[in-house]
Amino acid sequence: MIGGLTSRRSTARLIHTPGHTPGHIALHYEPGNALLVGDAVFNCGAGLSLGPAALAADPAQRPASLARRPRTVAAVGLAHGSALHGSELDGYHALLDRLTIPRPSR
């Protein structure tokens, strides 16, 4: 996490997720448990993906950035394709499982 935005009515947590661009972020809107991932995940054509490597500043950083995002969310908003909610989140979880670097056990 790199910070947060707070108003009298809501809170959004900023999560640094480099890869697409060096300063790319995701926003976790905590009251509604929604995650906005922007250009980090595409929901086009054949399903969810990280998008073309040619469109990323540093494609190698993208899997580690996925691991920084909250897993248990009610919805995921994307810049490319329809938002995910309900059973559509299964595809998001499968993408995380397939691409993230396993975290060490404690």
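Is Asp-97 buried or exposed? Asp-97 is exposed, at a relative accessible area of 52%. Exposed means over 50%, buried under 20%, and partly exposed in between (1.4 Å probe, protein chains only).

This is a predicted model, in which local features need pLDDT of at least 70, side-chain atom pairs count only at pLDDT 80 or more, and totals for chains, interfaces and linings use all residues. Residues are numbered from 1 along each chain as its sequence is written, and side-chain values use heavy atoms, with hydrogens and water left out.

**View 1. The whole chain, with two helices and seven strands.** Helices (H or I, at least four residues) and strands (E, at least two) are DSSP runs, numbered from the N terminus. Their order from the N terminus is β-β-β-β-β-α-β-β-α. The chain has 106 residues, and 32% of them count as buried. Contact means heavy atoms within 4.5 Å. Among contacts with a separation of 6 or more, 47% join residues 24 or more positions apart.

**View 2. Ser-65 in helix H1.** The helix spans residues 62–67. Ser-65 counts as buried, with 1% relative accessibility. Leaving out residues up to four places away in sequence, Ser-65 touches Thr-17 and Pro-18.

**View 3. The salt bridge between Arg-13 and Glu-30.** A salt bridge is a side-chain nitrogen of Lys or Arg within 4 Å of a carboxyl oxygen of Asp or Glu. Side chains of opposite charge can pair when their charged atoms come close. The whole structure holds two salt bridges. In the Arg-13 and Glu-30 bridge, the N to O distance is 3.3 Å. Arg-13 sits in strand S2 (residues 11–16), and Glu-30 in the loop between strands S3 (25–29) and S4 (34–44), so the bridge ties together parts 17 residues apart in sequence. Glu-30 is partly exposed, at a relative accessible area of 37%.

**View 4. The salt bridge between Asp-97 and Arg-71.** Here the side chains meet at 3.0 Å, N to O. The pair links distant parts of the chain, 26 residues apart. Asp-97 belongs to helix H2 (residues 89–99), while Arg-71 lies in the loop between H1 and strand S6 (75–81). Arg-71 counts as partly exposed, with 36% relative accessibility, whereas Asp-97 is exposed.
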